[in-house]
Amino acid sequence: MTIDGTELAISLLEPDRKYYPGDVVLGVVNILTEKSSIKRSIVLELEGIVRTACKSEELSTLTIGLKGATRHPNIDQKESDATAIHHFGSSTYEGDSKAQIQYQLHVILKKGWLKRLKASHPVKIWERIDVDVPELHLPMEKYKQLHNPSGVIEAMIRVPRRGFCPDDVVPIELHINHYTRPKGPLTVYFYVLQKICREAKGYIMTENRVTATASSFLILDPDTLRLDLPLLFPLQSLVKPNTKTDLLTISSKLKIQIKLSEEESSEKIKMTFPIVIGTYNSGGLRWRTVDTLPLYEPAPPYSADR
């Protein structure tokens, strides 16, 4: 942006980094001017905006943070450097045009009472959601029994904790009792469904988005009635942290489906587990990361009726 021969621009030293509250954003403010000095003040502001739409393309907006972080009176130098991230309450979310949480770092150069130069740069911010807390260490177990024409299959699934970060791996314990000769390999499908609830112009809309999938094939021995198997479900970077604002809320579930044969019409055992997608682990413990696992096949498109 240029006014009266003065041009203002901003660049960040780590433009792709995710910042947490308390971090410092380092960058450079470039002021190009014909004058030998600038007897004005400069202000750095960090602004967060939630944008949502429901029935129409018209957006509702909510400012979730606007903070003047740094002021430099009587700037004679041509560069300035830093601002601090403060508590804003939600993480950057770039879903689509109808659901967004974005942050911008603004640099404002005041030139008199009416003239203001402004330059902006997007900043990715993750709120601190710690998954190493007691309530997220509680295990989850579910049991289901399915009767079909060829016999009975019982399944018990145990997930040893409830909190994970993007790119973590979810450890799953699968226990199966089958009282029949299996027709073929069992297939286990994993899905992470994130519930996006948005409000705009008096309307509320909810949708489920699949943000991670995988599948695993299990060969059952007809002579072995019980199968105890540890499985690893790799989350992906597309999984977004849980968040909550007045206009946009994101929550997460782990969906597991066990298909009993290769036939398309085969029945499935289905189980759902609530999980929390956080942004960091203060204890430093991580289940194996995605890049340490063999390549998993994606599961077929999720359908609640499948």
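Predicted model: local features only at pLDDT ≥ 70, side-chain atom pairs only at ≥ 80, totals over all residues.
Visitor: How many helices and strands does the protein chain have?
Guide: Elements here are DSSP runs, numbered from the N terminus: helices are H or I with at least four residues, strands are E with at least two. The protein chain has 0 helices and 20 strands. Lys195 sits in one of them, strand β15 (residues 186–200).

Visitor: What do the totals for the protein chain say about burial and surface?
Guide: The chain has 306 residues, and 46% of them count as buried. Accessible areas come from the Shrake-Rupley method with a 1.4 Å probe; for residues, only the protein chains shown count as cover. The protein chain exposes about 15800 Å². Carbon and sulfur atoms supply 52% of that area.

Visitor: What share of contacts joins residues at least 24 apart?
Guide: Contact means heavy atoms within 4.5 Å. Take the contacts between residues at least 6 apart in sequence: 69% of them join residues at least 24 apart.

Visitor: Which residues is Ala99 in contact with?
Guide: Neighbours within four places in sequence are left aside. Ala99 is then in contact with Arg51, Tyr93, Glu94, Ile196, Arg198 and Leu248. Ala99 belongs to strand β9 (residues 99–111). Its relative accessibility is 0%, so Ala99 counts as buried. Ala99 and Arg198 are 99 residues apart along the chain, yet their C-alpha atoms are separated by 7.1 Å.

Visitor: How many salt bridges are in the whole structure?
Guide: A salt bridge is a side-chain nitrogen of Lys or Arg within 4 Å of a carboxyl oxygen of Asp or Glu. The search of the whole structure finds 8. One of them joins Glu141 and Arg158, at 3.1 Å from N to O. Glu141 lies in strand β11 (residues 140–148) and Arg158 in strand β12 (residues 151–159), so the pair ties together parts that are 17 residues apart in sequence. Glu141 is exposed, at 51% relative accessible area. Arg158 is partly exposed, at 22%.

Visitor: Which residues are linked in a network of salt bridges?
Guide: Asp96, Arg198, Glu207 and Arg209. Within this group, the side chains of Glu207 and Arg209 meet at 2.9 Å, N to O. Arg209 is buried, at 16% relative accessible area. Glu207 is partly exposed, at 28%. Arg198 has come up already, as a contact of Ala99.

Visitor: How do I read a surface patch?
Guide: Patch residues have over 30% relative accessible area and no salt bridge; like charges are joined within 9 Å, nonpolar side chains (Val, Leu, Ile, Met, Phe, Trp, Tyr) within 5 Å. Lys and Arg count as positive and Asp and Glu as negative, while His and the chain ends are not counted. The place of a charge is NZ of Lys, CZ of Arg, CG of Asp or CD of Glu. Here Lys142, Lys144, Lys195 and Lys253 gather in a patch of positive charge on the surface. Leu13, Val24 and Leu26 make a nonpolar surface patch of about 270 Å². Leu13 lies in the loop between β2 (6–12) and β3 (18–19). Leu13 is exposed, with a relative accessible area of 58%.

Visitor: What should I look for in the backbone angles?
Guide: Most residues other than glycine have a negative phi. Asp167 is not a glycine, but has a positive phi of about 75 degrees. Asp167 is in the loop between β13 (163–164) and β14 (169–178), and is partly exposed at 33% relative accessible area. Lys201, also not a glycine, has a positive phi of about 55 degrees. Lys201 is in the loop between β15 and β16 (203–218). At 46% relative accessibility, Lys201 is partly exposed.

Note on methods:
Residues numbered from 1 in each chain as written. Heavy atoms only, no water. Buried < 20%, exposed > 50% of the residue type's maximum accessible area, 1.4 Å probe, protein only.
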